[in-house]
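Please consult the sequence and the structure below.

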Amino acid sequence: MDKGQLLDRLGAAGEDRLVLAKILDRAEQAGNRNIPAATDFLSPAQLAQAGEALRLAGFPETEYAALGGYETAERRLLLFLPDWLEAEDAESQSPIRCLRAAFRAEYKLTHRDFLGSLMGMGIVREKVGDILVGPDSADLIVLDTVADFLLRSWDSAGRARLTVSAIEPDNLHIPAASCKEARDTVSSLRLDAVASSGFRMARGRAAALIESGKVQVNWRECTKPDKLLSAGDTVSARGFGKFELKEVGGVTKKGRTFIVLRVYV
């Protein structure tokens with residue numbers, strides 16, 4: 001199928017369609033010119049869509065690497081590999097750069113402060129990966145196309161003055177994930193049943209939330225309360241948080257299934 005038919009099959013429209021078209025163009029560029037070709041940074045939802053689009057287009061996972069600057073990065077880019085570049089060496093051709101923006105701790109800057117400052121300078125979101133905010137500095141993963149500009153020109157966020165410098169990925173300050181483990185039993189592994197446990201709400205309310213389009217499974221919208229989940233699936237809902245179905249255990253005498261959730265707080 002051609003590119004248009006593939007995107008139609010995925011149901012891609014609007015901005016998502018444009019993003020996926022660009023990703024497929026990068027994949028073709030790497031193959032046709034035999035050079036590394038990188039996308040912009042992608043959200044988890046866009047990464048999930050990209051993986052499905054590339055599978056349908058016949059690009060195996062061995063032909064690209066997802067890079068975010070550190071192992072647990074949420075926002076990542078895809079680097080398509082020419083035949084002379086192995087996946088384990090992909091970072092040597094990565095367009096990712098790491099910056100540290102230091103500020104005085106009393107200003108208590110947040111992720112929103114940094115993102116707002118960058119947008120105000122004309123830096124679009126897709127040029128910036130994760131923003132890791134600490135008490136007196138924020139580490140940013142950015143594309144090389146904007147790194148030098150930020151080093152020269154970025155000097156404030158919120159009411160705080162910034163001192164911006166380049167750092168190596170090994171020196172990133174990566175905050176510990178804030179999560180807790182919860183154990184429960186559910187009547188089934190249906191999405192509404194597990195979401196009821198993960199979001200601490202009645203099952204009927206969880207089903208209504210899912211049907212409203214506010215719930216994502218593995219970063220893709222799911223409106224089917226009866227969707228069956230498996231260990232490793234991540235469920236999120238706008239305004240309610242995110243959890244991972246970490247483990248699925250045995251069945252109780254009453255036919256309920258043991259589960260372990262990793263709930264992000």
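What covers the buried residues of H1 includes helix H2 (14–33) and helix H3 (44–56), where contact means heavy atoms within 4.5 Å. The model is predicted: local features need pLDDT of at least 70 and side-chain atom pairs pLDDT 80 or more, while totals for chains, interfaces and linings use all residues. Residues are numbered from 1 along each chain as its sequence is written, and side-chain values use heavy atoms, leaving out hydrogens and water. Helices (H or I, at least four residues) and strands (E, at least two) are DSSP runs, numbered from the N terminus.

**Helix H1**

Leu6, Leu7 and Leu10 are buried in H1, which spans residues 3–10. Buried means under 20% relative accessible area, exposed over 50%, and partly exposed in between (1.4 Å probe, protein chains only). Asp8 and Arg9 are exposed, on the face turned away from the buried side of H1. At the start of H1, a side-chain oxygen of aspartate 2 comes to within 3.1 Å of the backbone nitrogen of glycine 4. Glycine 11, which follows H1, has a positive phi near 70°.

**Loop between S11 and S12**

Most residues other than glycine have a negative phi. Asparagine 218 lies in the loop between strand S11 (215–217) and strand S12 (220–221), and tryptophan 219 is also placed between S11 and S12.

| Residue | Phi | Relative accessibility |
|---|---|---|
| Asparagine 218 | about 55° | 27%, partly exposed |
| Tryptophan 219 | about 70° | 30%, partly exposed |

Methods:
Polar contact = N/O pair within 3.5 Å; in protein donor to acceptor, adjacent residues only side chain to side chain.
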